[in-house]
Each structure stands twice: as C-alpha cells, then as structure tokens.
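Subject: Structure for your files

Hello,

Here is the structure I said I would pass on. My notes on it follow below.

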Amino acid sequence: MIGAMRPPSEATLDGRAFDLLCLTMTCVLGVHASHLPWWLVAGLALVLALRWWQRRRHGARPPALLKLPLLALLAVAVVFTYGTIFGQQPGSALAVGLLVLKLLESETPRDARVGVSFACFGLMAALLFDQGLVATFVVALGLLPALATLRALEPAQAPTNLPRALLPGLALLAAAVPLALLAFALVPRLSSPLWGAANSPEARTGLSDRMSPGNFTELLTDDRPAMRVSFDGPAPAPELRYFRAYVMWLYDGRTWEHADLRRADGQARPLETLEARATSRYEIDLEPTHRTVLPALDVPLTAPADAQLSADREVFSDKPVRESLHYTVRSALYYRLQASLPAGARELALRLPQGFNPRTHALAAQWRTRYGGDEQAIVRAALALFHDGGFRYTLAPAPLGRNAVDDFLFGTREGFCEHYASSFTVLMRAAGIPARVVTGYQGGYWNPLGNYLLVRQSDAHAWSEVWLEGRGWVRVDPTAAVRPERVSLGAAAAAGDQLGWTDSGWLASLRNRWDVVNHWWAQGVIGFDALRQRGLLTPFGIRDTGTAMLGMLLAIGTALFVAIGTGWALWRRERPEPLRQALRRLEARLARAGITRRRGEGPQHYLRRAARALPAQRAELEQLMNRYLELRYAHDEPVPELLKEFQRAVREFRPRRVVK
Amino acid sequence: MRDALRRLQELAERRLPALTRFRRPEPMPIELNRRRIYIVPTGFGIGFTVLLLVMLVGSLNYSNNAALLLTCLLGAAGAASMLIAFRALDGLALASVRAGQAVAGQPLALTLEFESTRPRSAIRVDLGDACQAFAIDASGKADVTLPLATHQRGWHPLPRVRVWTTWPLGLFRAWSWMHPEQSVLVWPRPESGGPPPRLPADEGLRPRLHHGEDLAALRDYRSGDPRKHIAWKASARLGQLLSKDFEQPESRPEWRLDWRELEGMDNEARIARLARWLGEAHAQGRRHSLWLPGQPIEAGSGPGHYARCMSALASLP
C-alpha cells in the first residue's frame with residue numbers, strides 16, 4: 001500500500017562508522033599486543049590497515065576467497081605458537097585475530113554491532129593478562145571508540161569530526177561510573193571458581209624454589225612490586241628486613257633446591273622450635289606469584305589463614321597466589337631457632353655432592369684444622385675472605401664452570417647474592433658446620449606517604465643459615481660482607497650506577513606517589529575478594545555481609561540510581577512559553593465560568609464565543625483577544641512590554657457569570 | 001510472522017485499552033511525555049545483555065576484579081543509554097501536518113513538522129511501511145516528508161504515526177504513537193481513456209491571435225508595422241528593414257466541463273471522466289470551467305484553479 005523508504009544506513013555501513021569500527025579493532029589489538037607474538041600483531045595490524053584503505057578507496061567487499069586462507073593462516077599461526085587453541089593465551093590470540101578478520105566482511109550495521117560486542121569482550125579479555133591500574137584505564141578508554149561506533153550507526157545526526165565523536169561516549173561512561181562502582185562493590189563474588197582456574201603464565205614470576213647461578217639476574221633487574229608490607233608498630237630496622245620464602249637444603253653441585261623433606265621414617269618433620277624475644281605484627285599485600293609460597297619476615301611465628309607453616313618455618317598457601325593476596329603474620333625479630341638439631345637434619349645440612357669443588361674442600365679443611373672446634377671463628381674467616389679477598393658485587397658476573405664454587409672463590413670472584421650465599425654454604429658444609437640456603441626478599445623501600453614498605457622483585461635475595469651450638473640456626477648474609485650497601489640500600493645501589501638515575505629526588509618522590517596509587521588500586525580493586533566483601537559493612541556494625549544481604553543492597557542501590565536517573569530524564573529545562581501560559585490561565589478562568597475551549601478550536605474563535613457568552617465583559621474580552629492576536633502574530637517574538645501588559649490583564653480578568 | 005504479530009497487536013489494543021489510550025486522534029500540537037513513551041530492548045540490546053552476563057560470569061569466575069569493573073561500567077552505560085533514549089523523545093512535539101496533493105493510487109506527500117526546544121538526533125517516523133529518520137538542530141524545527149498510500153478519493157483521516165528511536169547505542173528502542181486529528185483530501189483517479197469533451201459550436205470561428213510576448217521570427221518589413229518592432233541591428237547587417245514577429249501561443253478554446261452532460265453514467269465514472277478532462281485541460285494550459293451539483297466553478301486556468309476543481313470533485317459525496 002505504501003512505498004517502502006528505508007533509510008540508506010540500513011543497507012551499508014557509512015564511512016564514519018567503519019572508521020570507528022576499525023579504530024575499535026585497533027584498540028583491541030593494541031591492548032593485547034603485549035602478550036601476543038610480535039609478528040602476529042604486525043600481521044593483524046597490516047590486515048586491518050589494508051582493509052581500511054581498501055574500503056575507503058574502492059568501497060567494495062573484499063573477495064570472499066581471501067577470507068578462508070587468512071582464517072586458516074590465523075589458526076595455523078596460533079597452533080604453531082602455542083601448540084593448542086585452548087587456554088587463555090591461544091584463546092585470546094585467536095579471538096583478536098577473528099575480530100580483525102571480521103572487519104573483512106563488515107558491511108552492514110548488523111555486522112558492525114556484532115563486531116563491537118565482541119570487541120568489548122576482547123577488551124575485557126585483555127584484563128585477564130594484566131589488571132593493573134594503567135592497563136585497566138587503557139582498556140576502559142578502548143570502550144570509547146566502541147561506543148562511538150554504536151552511536152555512528154544511528155541515522156540522521158549532526159556531523160562531527162572523529163575526536164568529537166568520541167566525547168559523548170566519555171560522558172556516558174562518566175555518568176555510568178557511580179552505578180558501576182556500586183555494582184562492583186556489591187555483586188557477590190564467587191568463593192570458588194565455577195570452572196577450571198586460570199592456567200598461569202610462568203613468565204616473569206618472582207622467586208623460584210630452585211636456585212642455580214644466574215637465575216636471579218632477571219629478577220634483580222625487575223622493578224615491579226613484589227609485595228607491600230605495613231607494620232602495626234614501628235618498622236624493624238633495615239638490617240632486620242629479611243623476608244623468608246624458601247629454605248633450600250639440597251645441593252647437586254650446581255643447583256640449590258627446595259624440597260618437602262621428610263624424616264627417614266617417612267613422617268613429616270616436626271616444626272623447628274622457636275624462642276622469640278621481640279615480635280612484630282604486619283600485613284602483607286602480595287602481588288600474584290602463581291606459587292604457593294608466602295614471604296614472611298624472618299622468622300614467622302604462625303601461619304595466616306588458609307596457609308601452613310613448614311618445618312623450616314616457611315609459609316605456604318593452600319592455593320597458588322593468582323590474584324594479589326592480603327595476609328597478616330606475626331614474626332620474631334630476635335629468636336633462637338631449633339636449639340637442638342636432630343641427627344637426621346644435621347646429616348642433611350652437611351651433605352655435599354661427591355667430586356665437586358676440591359679447592360673449596362681443601363680450604364674448609366684448612367680452616368677446620370686452624371680453628372678447631374670454634375665454629376664461629378670459621379664463619380668469621382669465611383666472611384673475612386669475602387670482605388678482603390678481592391670480591392666484587394656485580395649483577396653481570398662471568399660464567400662459572402663445573403666446579404662452580406671453586407671457580408667463584410678462586411677465579412672470577414664476582415657475583416651477587418646467590419653466588420655468595422651458595423659458596424658460603426658450601427664452605428660451611430665442607431668445614432663441618434650445618435648450613436642451608438634461604439631465599440626471599442631483603443630490604444625494600446620505605447614509602448613515607450603510604451607508611452608501608454615496598455618490596456620489589458629486584459629486592460630478591462639469598463642468604464645462608466648456619467647452625468651453631470647453643471644459638472640454633474643463625475642468619476649469615478655473606479653478600480653483606482662484600483657490599484654492606486646491599487643490605488642497607490638494596491640491590492640497585494650495590495650494583496653501582498647501573499640503575500642510579502631512578503634515585504634522583506623528584507623522580508623518587510614521583511615514584512612514591514605513583515606507588516601509593518598502585519597500592520590503593522591493588523588493595524581496593526584487585527584485592528577486593530569474597531573475604532573483603534563479606535567485611536564490607538563492618539563499619540556499620542555488620543560483621544559478615546552474606547550474599548542475600550549483598551543482593552538486597554544491590555537492589556536498593558540500583559533502585560536509588562534508577563530514581564536519580566529517571567529524575568534527570570524527566571527534568572525539563574525549558575519553561576513553557578509565557579504567552580501560551582497566560583492564555584492557558586485565561587482559559588482556566590473562563591472554564592470555571594463554564595466556557596471551555598473545544599478541541600481544535602482556535603484562540604480567536606474561542607474568545608469570540610466567550611465574548612458572546614459574557615456580554616457584560618465583551619469589551620474586555622475583545623481587547624484581550626486583540627492583544628493576544630497581536631502578540632502572537634504581529635511579531636516574530638512577543639514584545640516584552642505588551643506581553644507584560646497582557647499577563648497583567650489576564651491576572652485582573654474575573655469572569656462574571658451572567659445570571660439570566 | 002509479520003501478520004501474526006500484527007494480529008496480536010490488534011488483539012492487545014482491543015483487550016488492553018490502557019495501551020491504546022493515546023492512539024485516539026488528538027488535535028495538534030501533540031507533545032510526547034512520559035505517559036506515552038514506551039521503551040523496549042532491541043534484539044541487539046538483548047544480545048548485548050547476554051554478552052554482558054557472559055563477561056560477568058567470566059570475570060567472577062577468574063576473580064578478575066578489573067574485568068568485573070569494566071563489565072559493570074559497560075552495563076551501567078547501557079542502562080544509562082535507556083534514559084537517553086527516553087529523553088530523545090520526551091518533549092518532542094508534532095506541530096502540524098501539511099498534506100500534498102495526489103490522485104488516488106499515487107502516494108501523497110505528507111510533511112510532518114516537528115518541534116523541540118532542544119536538539120535531537122536519530123529520531124525515526126514510521127508511517128505504514130515507510131520510515132524516515134530526522135534530526136532536530138538548534139533551530140528547534142524539522143520537517144519530515146513521508147509518502148502516504150492512497151487508494152480512494154475523498155477525505156481520509158490521517159493514520160497514526162509511530163515515532164521511535166534507538167539513540168544513542170541501539171540497545172533500547174523508545175517509541176510512541178502520534179495520531180493527529182486531521183484529514184487529507186485525495187483527488188479522484190482519472191479514467192484511463194475516453195472521449196474528449198463536447199466543444200461549443202462556434203469553436204472553429206475564433207481568429208488566430210498573433211500578438212504576444214514571445215519573439216517568433218524575423219520577417220520583411222511591411223508598412224504599418226510599429227517602429228518599435230523593427231529589428232534595427234539585424235536590419236543594419238542585411239541592408240533591408242526587418243520586423244520582429246511576436247506570437248502568442250495559440251489560445252485553445254475554453255472547455256466548459258459539466259456534470260449534467262454526462263448522464264447515463266454512475267457517479268464515480270462521471271468523476272473519473274471529469275478528472276481526466278481536468279487533467280488534460282491543465283496539461284494543455286486550456287481555460288476551463290467546471291459545473292458540479294451545487295458548486296459551479298468559473299472558467300480559469302493554472303495550478304490553483306486545477307487544484308480547486310480537483311478538490312471540488314474529490315469532495316463530492
């Protein structure tokens with residue numbers, strides 16, 4: 001019956017919308033670029049750019065024959081790189097690739113909408129790899145072109161330039177922030193995942209449970225935060241800031257290894273006894289490590305919740321730390337650990353591989369004969385050797401051969417904590433003193449703004465413990481003998497001027513502030529887990545906020561925001577036109593006198609009728625009518641004086657019903 | 001599927017008068033307000049919600065709070081877009097409707113004049129199957145022209161018009177009905193062929209008139225030609241006097257179209273024939289008069305006269 005006239009935008013995507021769609025895909029590719037192989041990123045970027053250029057230039061669909069080979073190429077590339085297409089890394093690589101390839105066939109608004117939806121998903125997926133403050137903000141900004149694309153799909157709108165097209169999305173997101181925060185705080189968290197937990201990327205993690213020459217190097221140059229520690233009382237002195245992670249007993253001539261050691265009869269070894277003299281209580285925010293070890297200040301008294309204390313007083317969490325973790329521990333600062341050493345442990349603490357490091361053994365034997373039973377003297381002799389023997393602290397030592405300790409002690413004489421700790425422990429064992437290697441973190445940076453100790457990955461450290469009669473396990477840090485600064489200032493300072501520029505005044509303070517913000521983000525956002533959520537209402541006297549309570553709060557809060565939003569939507573800025581308002585008032589008065597304006601009746605006709613019905617006020621009504629007509633039709637804009645006069649006349653007009 | 005939906009809609013309108021409350025014809029201006037704007041999610045909106053739920057479950061499962069925050073942000077922005085969709089329609093007013101002219105069977109151009117106190121974008125108007133999008137800029141006015149199908153002559157009340165928008169993100173569709181209380185006049189459809197009108201008897205005797213405004217040709221000067229008709233420049237080139245010959249298009253005889261002369265035909269056939277004659281007269285620029293029962297129209301020509309005659313014809317009972 002009626003000719004169809006669809007707006008043209010239903011048929012094909014216009015240029016602006018396509019540009020924005022390409023920008024959206026570029027954003028998705030950009031936020032994923034850090035964990036995708038570079039050649040995949042480059043290839044996808046090339047496809048994206050070519051497609052953009054091709055549609056802009058020729059405006060046609062690319063041939064369908066092109067899509068299948070590209071798709072196959074993508075699948076092959078992903079399988080080639082990761083070996084599978086399942087899992088977080090290959091899955092996201094595949095998703096990003098598919099998104100970019102989707103552009104090849106995006107020709108209609110429907111395609112664009114589908115593309116934008118999955119782009120939102122792709123943006124979210126990027127946060128699975130890095131949920132830091134900066135990454136989250138960058139990803140949130142990636143939503144802007146996505147929203148702008150959706151907007152550009154709507155027909156009939158005022159033309160704008162590309163940057164301006166992004167602004168309304170920003171305003172919309174800003175308006176959405178309060179509701180988003182409410183939902184974020186109150187959406188009940190899962191206490192256990194519904195399906196398999198994230199498979200962790202092994203790359204760039206912190207301490208390892210093995211120590212072999214050189215594997216600390218990467219760690220010591222990694223400036224990322226490892227944990228932040230805030231103390232209940234005053235912070236312990238810098239020389240006491242040793243955070244114990246792994247205790248290593250086993251040495252095979254090259255690698256020290258942590259192992260779950262059992263007694264000869266297969267029973268777990270009993271916890272080493274501890275006599276504490278001064279204790280400190282503190283809270284640690286640990287960055288994800290994907291391991292179970294929880295560093296604690298030397299030596300922890302008890303394990304925090306959901307964690308166990310090992311026989312060597314290491315703390316192990318029940319689950320690997322995949323998100324940043326908050327825990328509270330109490331530690332002994334001065335202590336006597338394991339006052340009496342069982343025979344089995346003693347044997348283990350003296351064990352050395354056969355046929356390694358003959359010169360070291362000879363040196364140890366020489367000391368043993370010189371000092372006899374004075375084990376402390378032997379320790380002092382070893383430390384004196386490191387201090388005066390021409391040893392150098394460097395993060396880039398020369399490589400060592402098969403007899404690593406011999407090469408180090410009598411050859412290269414350069415290295416960092418793990419070389420010193422390892423060779424010291426071997427020396428002690430060779431001299432008949434029970435000894436073991438402990439790794440963890442040492443030092444840290446005191447942030448005066450946030451009153452916490454920031455421990456970076458570069459603060460990773462290795463030291464030794466020797467067992468002395470009557471004193472138990474005693475911590476000996478041979479690195480300190482070489483470079484005392486390592487203990488008081490940190491690895492970077494000890495390594496000389498390599499990283500020194502970061503310590504210049506304003507830059508350091510900037511870093512402090514930035515780290516406070518990051519800390520706040522890690523604590524308030526990333527670390528806001530089920531446990532913290534349950535304690536959300538503690539300030540209001542509710543100790544445990546259950547799921548039902550959270551749901552109710554969420555409903556109430558949402559209703560509140562809906563009310564505010566509706567109020568905004570209904571609020572009309574415009575005031576009714578004064579002339580029309582005055583006429584309405586006149587109509588209302590006349591209606592009370594029984595003369596109502598009929599539907600569709602013009603003002604002139606209506607007022608004439610009123611004048612006829614109220615003959616006593618005929619002149620007054622006719623004057624009102626003439627004034628109204630003049631105001632309405634004689635000028636484009638009503639003259640203010642005349643308008644005021646008309647309003648006054650209307651105010652003063654009182655219809656008098658004629659009694660017949 | 002479409003028909004089933006339409007039947008369902010009609011049933012709903014019958015059974016739920018509250019839904020149809022604002023579908024009675026109303027005098028203009030018709031201003032949209034919160035009582036008559038409805039909002040439903042679009043298909044894309046439902047799909048996007050499913051996607052948000054997947055994102056929510058995913059981020060909760062991986063305890064990824066940054067992703068959860070992003071999901072919440074996107075969801076809240078989507079919810080806020082519903083209010084913006086509402087505001088795109090709230091306060092929009094249909095000020096008037098101008099109807100074009102069309103004979104039955106051809107689409108009639110309806111121009112809807114919308115008014116608003118603030119700029120709006122991406123508002124669409126549906127009239128039957130026709131859809132047109134428009135925006136209102138800072139001037140506060142916008143005209144939208146839509147074709148209205150016609151199939152019978154006479155006065156027809158305007159059908160209701162659906163105003164809707166999916167602004168800004170396409171997640172929600174806000175819509176409302178506007179049913180202006182106005183009728184449009186559809187002219188009768190002329191018959192496809194038939195005899196010409198009977199001409200007055202003295203038709204052939206009229207003299208040809210040669211005085212007119214348009215220059216027709218140059219001819220040799222004849223004594224008695226007015227001096228101002230001499231083409232001086234051309235005469236100087238040729239060395240002999242030439243006169244400009246002016247001509248008026250041949251005036252065709254006036255048609256006196258008369259209802260009474262078409263006896264023996266039914267009303268609609270008479271109207272169709274008269275409509276054809278009127279159309280031919282108008283196309284030829286011929287003066288014509290029209291006699292209809294009760295309303296004789298004097299002779300005249302031009303679009304105004306034609307429209308008057310056709311409208312008179314259209315509004316015959």
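**Surface and ring contacts**

R592(A) lies in helix α20 of chain A, which covers residues 578-592. Please keep in mind that the model is a predicted one. With a relative accessibility of 69%, R592(A) is classed as exposed, since the cut-off for that class is over 50%. R592(A) also belongs to a patch of positive charge on the surface, where it gathers with R585(A), R651(A) and R654(A).

The surface has a nonpolar patch as well. Its area is about 490 Å², and its members are V134(A), V138(A), W514(A), V517(A) and W520(A). Two helices of chain A, α6 (133-152) and α17 (505-526), each contribute at least two residues to this nonpolar patch. Which of the helices gives the largest share of the nonpolar patch? That is α17(A), with 3 residues. On the α6 side, V138(A) sits in helix α6 of chain A. V138(A) has a relative accessibility of 42% and therefore counts as partly exposed, because that class runs between the buried limit of 20% and the exposed limit of 50%.

Next, the aromatic contacts. Over all chains, the structure contains 19 aromatic pairs. One of them joins W249(A) and W473(A) in an edge-to-face arrangement, with 5.7 Å from centre to centre and 90° between the planes. This pair connects distant parts of the chain, as W249(A) and W473(A) are 224 residues apart. W249(A) is in the loop between β3 (242-248) and β4 (250-251) of chain A, while W473(A) is in strand β17 (residues 472-476) of chain A. Both W249(A) and W473(A) are buried.

A further pair is formed by F386(A) and F391(A), whose ring centres are 5.3 Å apart. Why is the pair F386(A) and F391(A) edge-to-face? Their planes stand at 80°, and planes over 60 degrees apart are counted as edge-to-face. As for burial, F386(A) has a relative accessible area of 0% and is buried. F391(A), at 10% relative accessibility, counts as buried too, because the limit for that class is under 20%.

F386(A) and F391(A) are also part of a cluster linked by ring pairs, together with F408(A), Y420(A) and F424(A).

Regards

How values were computed
Residues numbered from 1 in each chain as written. Chains lettered and ligands numbered in written order. Predicted model: local features only at pLDDT ≥ 70, side-chain atom pairs only at ≥ 80, totals over all residues. Heavy atoms only, no water. Patch = residues over 30% accessible without salt bridge, like charges linked within 9 Å, V, L, I, M, F, W, Y side chains within 5 Å. Areas by Shrake-Rupley, 256 points an atom, 1.4 Å probe, with all protein chains shown as cover. Salt bridge = Lys/Arg side-chain N within 4 Å of Asp/Glu carboxyl O. Lys, Arg positive; Asp, Glu negative; His and termini not counted. Charge placed at Lys NZ, Arg CZ, Asp CG, Glu CD. Helix = DSSP H or I, 4+ residues; strand = E, 2+ residues; numbered from the N terminus. Buried < 20%, exposed > 50% of the residue type's maximum accessible area, 1.4 Å probe, protein only. Phe/Tyr/Trp six-rings, centres within 6.5 Å; stacked < 30°, edge-to-face > 60°.
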